[in-house]
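Dear colleague,

Please find below the structure I promised to hand over, with my notes on what was found in it following directly after.

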Amino acid sequence: MTGGKAVVTTTTEREATVIRLRGEVDEDDAPLLARALGQAAQGGPPRTVVDLSGTPFVDSSVLHALLAAQRAHAARGRVLVLCGPLQTAVRRLLDVTGAAQAFRMADSLATAMTC
């Protein structure tokens, strides 16, 4: 793989928790992402934005973490938005699995803050 070491960061911007993924994120990194998403669902701003624009690859463990987070956010009346632009492999995973329909999606971080 060529996307580099995975990095998951969490910041608060405006009225949202923003979780950014950088590099190739796989099963080794999914628990870190799941923890960040779980914390966002529990408290803080009512909107969580997951910025996937910096990752060329995510695997099914990341998709599982995102789907679990979507359920947790919805159960608490919170909003979860995935934003890009998405790279080809990430878009394909969401499309092929049918998971894209489960998420609110935005083309940019700016759009994700208001959609």
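Arg 20 counts as buried because its relative accessibility is 16%, where buried means under 20% relative accessible area, exposed over 50% and partly exposed in between, with a 1.4 Å probe and protein chains only. This is a predicted model, in which local features need pLDDT of at least 70 and side-chain atom pairs count only at pLDDT 80 or more, while totals for chains, interfaces and linings use all residues. Residues are numbered from 1 along each chain as its sequence is written, and side-chain values use heavy atoms, with hydrogens and water left out.

Arg 20 is found in strand E2; helices (H or I, at least four residues) and strands (E, at least two) are DSSP runs, numbered from the N terminus. Its side chain is joined to that of Glu 13 by a polar contact of 2.8 Å, a term for a pair of N or O atoms within 3.5 Å in which, within protein, one must be able to donate a hydrogen and the other to accept it, residues adjacent in sequence counting only if both atoms are side-chain atoms. Leaving aside neighbours within four places in sequence, Arg 20 is in contact (heavy atoms within 4.5 Å) with residues including Val 7, Thr 11, Asp 51 and Leu 109.

Val 7 stands opposite Arg 22 in E2, and in the hairpin of E1 and E2, with two residues between the strands, Arg 14 takes a positive phi near 50°.

The largest nonpolar core has 27 residues, and those with the most contacts inside it are Leu 21, Leu 33, Leu 37 and Leu 94; such a core is a set of buried Ala, Val, Leu, Ile, Met, Phe, Trp, Tyr and Cys residues joined through side-chain atoms within 4.5 Å. Among the elements that give two or more residues to this core are strand E2 (16-22), helix H1 (30-42) and helix H2 (60-75). Apart from it lies another core, of eight residues, among them Val 18 and Met 113.

The buried residues of H2 are Val 62, Leu 63, Ala 65, Leu 66, Ala 69, Gln 70 and His 73. They cover an arc of only 160° around the axis, which puts them on the same side of H2, the arc being that of the directions from the helix axis to the C-beta atoms. On the other side of H2, Ser 60, His 64, Arg 71 and Ala 75 are exposed.

With best regards

Definitions and conventions: Pairing = 2+ DSSP bridges.
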